[in-house]
Amino acid sequence: MHFDAIVIGAGFAGLYQLHGLRDRLGLRVRVLEAGGDLGGTWYWNRYPGARCDSESHAYRYFFSRELNDEWQSTERYPGPPEIRAYLDYVAKKFDLRRDMKFGVRVTAASFDEGTNRWRVETESGEQCTATYLVAAVGCLSAANVPDIPGLKDFRGNWYHTGQWPQEGVDFTGKRVGQIGTGSTGIQAAPVIAQSAAHLTVFQRTANYSVPARNAPLTPEFKRWVRDNFDEIRGIARSTVNGHAFRISERNVADVTPEEREAVYQAAWETGGLQFRATFRDLVTDRAANATAAEFLKARIRAAVKDPATAESLANIDHPYAAKRPPIDTDYFETFNRANVSLVDLRADPIERITADGIRTEGKSGRREHALDIIVFATGFDAMTGPLLKMDIRGRAGRSLREDWKTGPETYLGLQMPGFPNLFTITGPGSPSVLTNMPVAIEQHVDWITECIGHLRRNGIETIEPSAQATREWTATVQEAAQATVLWDAKHSWYFGANVAGKPQVFMPYAGGLARYAKLCEGVAERGYEGFVLGRAKAPA
Ligand code: NA7
């Protein structure tokens, strides 16, 4: 079957892209989704404590005022069921489901230069073709289960948080080991600890966290969200990170140490990612950052009663927000429970997984941690993983896996040379994971929709970036990261460091969403500068 466009993925990106291409441009579109329903990230991430760390009044689409007026979130941070319900509402409102197919995993896509069409293959052997192929596959959808020796010997059950069983997991009376203390592990541990007989948290890198301070939304706040659509949208679209809060104009050095502490304390009380917005230079100036880092480490020491555990938790080796900064509900306090213990893997690394649990060997000697369940909160093969899981072939059989062997190279995170009419939504090289995702997604989808509209209005058959524009943008992405403290955390997944064998290249664009959006706009206004536009061949 042939479509004008195939969109891979039915999360925030896929839904809105379908709406854009079908309802604005009138194209025949098919969305293919591996999951059993829509939701993307939120279809798979159902682990205990899962919650979005963007606030619900900004973690939504802004393309429709009516949609904003109709939808009311219930809590400050939406959980997966509420986000899925929201996306379901969107799908119904815009009649999207009729063009979506679930349970279909795309395994390969190749570009046919004779017809200028993409041939898409699925796991079940189905094939279809499309003029435009849009990868709306998400940035954090390829689960990373580390290759720890012995996992196959483990007699208990194990789960990755990003592939959580739909029916849930009962921890009652179980001895649980959780590997990983990123955003996910920090959300999961307090909830697992409530029902498990014992929870052992295996920490490789200690992490900062700010209280989320989740709460039900008041009727007044819900009204405010409905009545201030323009302002909320305006802020989200004009900041570096797509959140609906402004970043302070002040640098740390502009205030006295007492004022600074008061600012941090107030942000701590407010809770959430707004802490990062307390001073303009927190992510660009190491000395400024160190003041926030010290404040947060002191909060850990104050929260955790056992001094050795507190020290391991506060022994953080990177600047604040250089790795993705988690927000939590009672994470550090959880270590005061009698049924929770911490293993510091820097001191006592995992030697292997055994039939009965996890064996560590280090400063504390050899220790067997008996477990019934292992939870891998070990993150994702981020950004490139979901794309490279598919065998994508461009002109002359050119392989994306080969092209990205030394790291992803894109133009604006939107396209790759040699892969005409293939678009990536929030791909590597775009602000993506450094932002509140729906805002970045909308910007990309709008740009792609406009671009395809332009191609069709002007009889242009193909678009792909030039090699030079791609090289230059790839260098720009590295330079943007170098200007921030994010460059210091070489062991972060922003660099791909969490996946064995992955090239160590900074993947998202750290120059800010607002600046990036302007760049994309300018490129389009100048006739798609940096792209090669292929006109239809005249008939022979
Ligand atoms: P993250 O942020 O990648 O966190 C994964 C955690 O798992 C992190 O603490 C890792 O330690 C740890 N990890 C990974 N592999 C291992 C091995 N082999 N041994 C021990 N520990 C390991 O993933 P999340 O799911 O928490 O969050 C992903 C994003 O989702 C998040 O940033 C938000 O955007 C939402 P490390 O730090 O690598 O030493």
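Colleague: How many nonpolar, polar and charged residues does the lining of the largest cavity have?
Modeller: This is a predicted model, where local features need pLDDT of at least 70, side-chain atom pairs count only at pLDDT 80 or more, and totals for chains, interfaces and linings use all residues. Residues are numbered from 1 along each chain as its sequence is written, and side-chain values use heavy atoms, leaving out hydrogens and water. Ala, Val, Leu, Ile, Met, Phe, Trp, Tyr, Cys and Pro count as nonpolar, Asp, Glu, Lys and Arg as charged, and the others, Gly among them, as polar. Sorted that way, the lining has four nonpolar, five polar and four charged residues.

Colleague: What volume does the largest cavity have?
Modeller: A cavity is a set of points, on a 1 Å grid over the protein atoms alone, where a 1.4 Å probe fits but cannot get out; lining residues have an atom within 4 Å of a point. Points join across faces, edges and corners, and the volume is the space filled by probe spheres set on them. The count comes to five cavities of 30 Å³ or more. For the largest one, the volume is about 80 Å³.

Colleague: Which element gives the most to the lining of that largest cavity?
Modeller: Of its 13 lining residues, Arg 60, Trp 71, Gln 72, Lys 222 and Val 225 are the closest to the centre. Two elements give two or more residues, α3 (65–70) and α6 (219–227); helices are DSSP runs of H or I with at least four residues, numbered from the N terminus. The top giver, with four residues, is α6.

Colleague: And which helix gives the largest share of the lining of the second largest cavity?
Modeller: That second largest cavity has a volume of about 70 Å³. Its lining includes Arg 60 and Trp 71, along with Glu 82, Ile 83 and Tyr 86. Three residues of the lining come from the helix with the largest share, α4.

Colleague: How much of the ligand's accessible area does the protein cover?
Modeller: Look for polar contacts (N or O atoms within 3.5 Å): an oxygen atom of the ligand is 2.6 Å from a side-chain N or O atom of Lys 323. Backbone N or O atoms also lie by ligand oxygens, at 3.0 Å for Ser 183 and 3.2 Å for Ala 377. Of the 770 Å² of accessible area (Shrake-Rupley, 1.4 Å probe) that the ligand has on its own, the protein covers 87%.

Colleague: How are the rings of Tyr 264 and Phe 295 arranged?
Modeller: The structure holds 39 aromatic pairs, meaning Phe, Tyr or Trp (six-membered) rings with centres within 6.5 Å, where planes under 30 degrees apart are stacked, over 60 edge-to-face and the rest tilted. In this pair the centres are 5.5 Å apart and the planes at 45°, so the arrangement is tilted.

Conventions: Polar contact = N/O pair within 3.5 Å; in protein donor to acceptor, adjacent residues only side chain to side chain. 1 Å grid on protein atoms, 1.4 Å probe; cavity = no way out; pocket = protein on both sides within 12 Å on 5 of 7 lines; lining within 4 Å.
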